[in-house]
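Hello,

Here is the structure I promised to pass on. Please open it and keep it in view while you read the notes below.

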Amino acid sequence: MTNALVRARRRESAARFWRRYRTHRAGVAGLAGLALIALIALTAPLLVGDDVQSVTNAPGTALEPPSGRFPLGTDQFGRSLLGLLIWGARISLTVGLLAAGLSVAIGTLVGIAAGHYGGWFSTVVMRITDWFLVMPSLVLAIVLATVMSRSMWTVILAIGVASWPTTARLVRAQTIAVESRPYIERARALGGGHRHVMAGHVLPNVMPLVLAQTTLGISTAILTEATLAFLGLGDPTVVSWGGMLQDAREAGAVSSGHWWYLAPPGIAIALVALAFTLCGRAIESVLNPKLGVSG
C-alpha cells in the first residue's frame, strides 16, 4: 500500500511539473527541437549509413556547392555535408550529455559533502572549488585535452573536470538550507547517520536544482566540445560538428568563400545550445517560481 501511494505521488508530481512546464512556450519549443535532433541522431545509421565518413568512397567531388544531389554541398574529400552533419549529431550530443552528467555528478558530490560536514572540511573544499572557479574552464579543458590521449572520452573527462565548481557552490548552498529544516534534526535524533541524511533527505531535495543545472550545462559542454575539436584537440577518428568546423578551417573555407562548409555545423551547434538553454530556463522557472522567468 505504501509503495502504491509513493508511486501515485510521483505520478502526480510529474503531471504537475508537466502542466507548469508546458506553459513556457520557449521551453516547449526547445524540448520539441531537442526531441527532433535526438531522433535524427538515433536514426543516423538508417538515414545516411555507416559509410558516410569514408574518404575513399566519397560520392562527390571536393567542395561542391549545395545542389539537388548534395543539399548542403560536399567537404574537401567529396563527402556529403548533410550526411556528416546528421552523423556528427551523435557525437556532439553524446559528449554534451556525458560531460554535463560528469560535471554535475562531481559538483553534487562535492557540494553535498561540503554543506553537510561543514567546519574545516567545508572550508578546504570550498577553497579548492574557488581555485577551479577562477581558472577559466576552457583553458583547463584545453590543458587536459592536450596532455591526455586524443579521444572522445578524453574530451568528456576534460570538460567534466573543468566545469563542476558552479554546481558545487549551488548544491552546497541548497544543502545548508535543507539541513536547517526540523525534519533533518528529527532524522538525526532517531539515529540517522551521515549517509542516511545525505542520501535519504538532502539529495532528493537538491535534485531539482541538479536537474536544471544539468540541462543548462549540456549546452555549455557541447560548445566546449566544438571549441576543442575546432582547435584540433578532439578525436580525429569520429565526426562531430566541431570537427567539421576544424576541417573547414584547414580546407581554407573561410578565405575561399565556401560558406556551405562552415554554416551547417555552426548553425547546428547554435540551435542545440539554444534549445538546451530554453529547456533549462523553463525547468529552472518551474522548480523555482521565485525566479520569475516567463515563457
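Does methionine 148 count as buried, partly exposed or exposed? Methionine 148 counts as partly exposed, because its relative accessibility is 31%. Bear in mind that this is a predicted model.

Methionine 148 sits in the loop between α6 and α7 (152-162). This residue also belongs to a nonpolar patch on the surface. Helix α6 (residues 137-147) gives the patch its largest share, 3 residues.

Now a buried spot. Serine 103 is part of helix α4 (residues 81-117). Its relative accessibility is 5%, so serine 103 counts as buried; the cut-off for buried is under 20%. What does serine 103 touch, apart from its neighbours within four places in sequence? The contacts are Gly160, Ser163 and Trp164. With serine 163 there is a polar detail to look at. A polar atom of the serine 103 side chain lies 2.8 Å from the backbone oxygen of serine 163.

Next, the charged pairs. Side chains of opposite charge can pair when their charged atoms come close. How many salt bridges does a search of the whole structure find? The search finds 6. Three of them are described here.

Start with aspartate 130 and arginine 169. Their side chains meet in a salt bridge, 2.7 Å from N to O. This pair links distant parts of the chain, 39 residues apart. Aspartate 130 is in helix α5 (residues 119-134), and arginine 169 is in helix α8 (residues 165-179). Aspartate 130 is partly exposed, with a relative accessible area of 21%. Arginine 169 also counts as partly exposed, at 30% relative accessibility.

Glutamate 12 pairs with arginine 16, where the closest N and O atoms are 3.8 Å apart. Both residues lie in helix α1 (residues 2-21). They are 4 residues apart, about one turn of the helix. Glutamate 12 also meets arginine 19 in a salt bridge, at 3.4 Å from N to O.

Arginine 19 counts as partly exposed at 37% relative accessibility.

Best wishes

Key
Residues numbered from 1 in each chain as written. Predicted model: local features only at pLDDT ≥ 70, side-chain atom pairs only at ≥ 80, totals over all residues. Heavy atoms only, no water. Helix = DSSP H or I, 4+ residues; strand = E, 2+ residues; numbered from the N terminus. Buried < 20%, exposed > 50% of the residue type's maximum accessible area, 1.4 Å probe, protein only. Polar contact = N/O pair within 3.5 Å; in protein donor to acceptor, adjacent residues only side chain to side chain. Contact = heavy atoms within 4.5 Å. Patch = residues over 30% accessible without salt bridge, like charges linked within 9 Å, V, L, I, M, F, W, Y side chains within 5 Å. Areas by Shrake-Rupley, 256 points an atom, 1.4 Å probe, with all protein chains shown as cover. Salt bridge = Lys/Arg side-chain N within 4 Å of Asp/Glu carboxyl O.
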